[in-house]
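Biologist: I have a new model open on my screen and would like to learn how to read it. Could you take me through it step by step?

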Amino acid sequence: MVLKTLSDLKGIVAGGPRKKLIVAAAQDQHSLGAVIRAWQDSIVEPILVGDQENIRNICAANNYNIDGLTIINEPDTEAAVQTSVKMVSNRQGDILMKGKVGTSSLLKSVLNKEWGLRTGNLLSHFALFEVETYPKVIAVTDVAMNIAPNLQDKIAIINNSVSCLIKLGYRMPKVAVLGAVEMVNENMEATLDAALLSKMNQRDQIKNCIIDGPLAFDNAVSYESAQHKGIRSEVAGDTDLLLMPDIEVGNVLYKSLVFFAKAKVASVILGARVPIVLTSRSDSEQAKYDSILLSAAASK
Amino acid sequence: MVTSLDQMVNKVLESGKKHRIAVAWAHDKNTIRALSEAVRKGFASAVMTGIPGKIISVCRDAGIDHRIFSIIDCDNEDAATRLAVKLVREGDADVIMKGLVSTDKYLKAIMDKENGLMVPGSILSYTGAIEVPAYHKLFIITDCAVIPYPNLKQKVAMTRYAIEMAWKFGIEKPKIALVGASEKPSSHFSYSADYLEMLRMREEGEFGDVIMDGPMDIFLACDRNSSTIKGVNTFIGGDADILIFPSLESCNPFYKGLMLFADGKIAGLIRGTEKPVVLMSRSETEKSKYYCIALSCLMV
């Protein structure tokens, strides 16, 4: 199965068991709106950890009915984050979500050696984009977490993403390794990595997906462009997952698709014991809701 | 002030000037169609090098009277390209344009030290103007095609070329955004030091009367709501005229993403040469080529 739109996520998670969603420092209006919607849709069972009075005030002001919702009162932000992470660590949660707290302090707790959520895997950011002009959802990684991944990191990032896509119902997702050009150029390290990743995939060193690269953006997403260049590839024009060479490229591409192409986005951090919802202030409530759905699907 | 590519064409028409375009190995249908439109509008004439029989037959298939063009007989693409360069060198043409010759051969002829078109000691780079429905005006980007990882000197040259283009568009005080993954300079990002140096140079007046800020992400550069959401103060304020990218790796997918997913159009030129050089991929549409011809005439 392949996702056509982000609304398909609902079909994947609806009717399944409710996932326990722990929200760290939950006194955040935008997060609460999305969390409560996912709760009302029977997708998650939220546990709000944070400043209870503040949470109740926000809910009252927005007419959110929270009768029966679990709130753990922890007004101190640092303590709320620790409590949340420890609950997940003690298997009391299936998904962790960031509320009104900085990304770095949440990640610091997640990576805590004693009670954090490390698994030995690299943490990576995984995003699904829906744009009108591409016939299906396109996954993009890593636009937010790993600054300059080396070859080993890229393998880990692909593995994280492919496992997630498989949980979403994909079989042998098509992975394009992005370059500025489609030729291997010894002066551009990203193209060398791309060639290695493709070959490692052919030799079954990276499994459960079809990798090709380097592919320039146009070859990756357009059959026409690939044909013009005479590229023979199973992936070109039909990409399910686009691997970024580094965060510099990923950040620019992600923001330009959101701003100029009006892309809808859902995103999740993979590689920890549970999926982590780490949306930013500028994300819409819909994006946060879709990210919760994606995380619920990824926590299967 | 020019705010769309059609207005850019109008500006060329208003000048009342006609420029001579030398076309290297002109056997390409989209190139010939774009030129015939430019000739019909009255701002260009064309000298084509190549096999006359082929050029005439492409014209016939496209319903174009080949007599509006001058054709010079050359039986191979190398000779045709060298001849087109020579026409410009010797003042018989004002602009050179690529027909069906490969980009490598075309650039090699242009960069030839003895017989090429380079300004001695100058930096070869690509400057493009993009029109996209989600933005309220044109913006100029660089470099999506030539310099993989520009150093400070190259970034400065790229910026100067972009400023010259902005002036030609009638933008008196261009707003220049130095694009990065975040607004915080960081040793993780190699562009940071160059950007800070460029800001210092601007303060010393080395770029003339311009507004410049960075690093900043695409949102701060192009989204007028972003500086409020992020609480970042910048004179660019989501109203950038020029985007300087840290690498070809980030600029190339940015531009291709806009073309394919955001209904964008681009007109671009090679800079650093004695006369404007039109470089487009063979797969570009007739309309893009037409805009490039107009832009080259504006920049003569």
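Predicted model: local features only at pLDDT ≥ 70, side-chain atom pairs only at ≥ 80, totals over all residues.

Biologist: Let me begin with the chains. How many helices and strands does chain A have?

Modeller: Chain A has 11 helices and 11 strands. Its radius of gyration is 19 Å, close to the 19 Å that the globule rule gives for 300 residues, so chain A is as compact as a globular protein of that length. Along the principal axes, its C-alpha trace spans about 60 × 40 × 30 Å.

Biologist: And what are the counts for chain B?

Modeller: Chain B contains 11 helices and 11 strands. Here the radius of gyration is 20 Å, close to the 19 Å from the globule rule for 300 residues, so chain B is as compact as a globular protein of that length. Its C-alpha atoms fill a box of roughly 65 × 40 × 30 Å along the principal axes.

Biologist: What share of the residues is buried in chain A, and what share in chain B?

Modeller: In chain A, 57% of the 300 residues are buried. For chain B, 56% of the 300 residues count as buried. Of the contacts in chain A between residues at least 6 apart in sequence, 71% join residues at least 24 apart; for chain B, that share is 69%.

Biologist: Now a single helix, please. How should I read one?

Modeller: An α-helix has 3.6 residues a turn, so residues three or four places apart point the same way. Take H2(A), which covers residues 29–40. This helix has 12 residues and reaches 16 Å from its first C-alpha to its last, close to the 16 Å expected at 1.5 Å a residue.

Biologist: Which residues of H2(A) are buried, and what do they pack against?

Modeller: They are Ser31(A), Leu32(A), Ala34(A), Val35(A), Ile36(A) and Ala38(A). The buried residues of H2(A) pack against strands S1, S2 and S4 and helices H3 and H11 of chain A. After the helix comes Ser42(A), with a positive phi near 65°.

Biologist: How do I describe two helices that pack together?

Modeller: Two packed helices are described by the angle between their axes and the distance between the axes. For H2(A) and H11(A), the axes come within 8 Å and cross at roughly 50°. That angle makes H2(A) oblique to H11(A). The crossing is right-handed. Residues making the contact include His30(A), Gly33(A) and Arg37(A) of H2(A), and Tyr289(A), Ile292(A) and Leu293(A) of H11(A).

Biologist: Next, the contact between the chains. How many residues does each chain bring?

Modeller: Chain B brings 31 residues and chain A brings 32. On the side of chain B that touches chain A, the elements giving two or more residues are H8(B) and H10(B). H10(B) gives the most to that side, with 11 residues.

Notes. Residues numbered from 1 in each chain as written. Chains lettered and ligands numbered in written order. Helix = DSSP H or I, 4+ residues; strand = E, 2+ residues; numbered from the N terminus. Rg over C-alpha atoms; globule rule 2.2 N^0.38 Å. Buried ≥ 20, exposed ≤ 12 C-beta atoms within 10 Å, placed from the backbone. Contact = placed C-beta atoms within 7 Å. Expected span 1.5 Å × (residues − 1). Axes fitted to C-alpha atoms, helices over the stretch in contact; angles between N-to-C directions. Parallel < 35°, antiparallel > 145°, perpendicular 65-115°, else oblique. Left-handed = near helix turned anticlockwise from the far one by under 90°.
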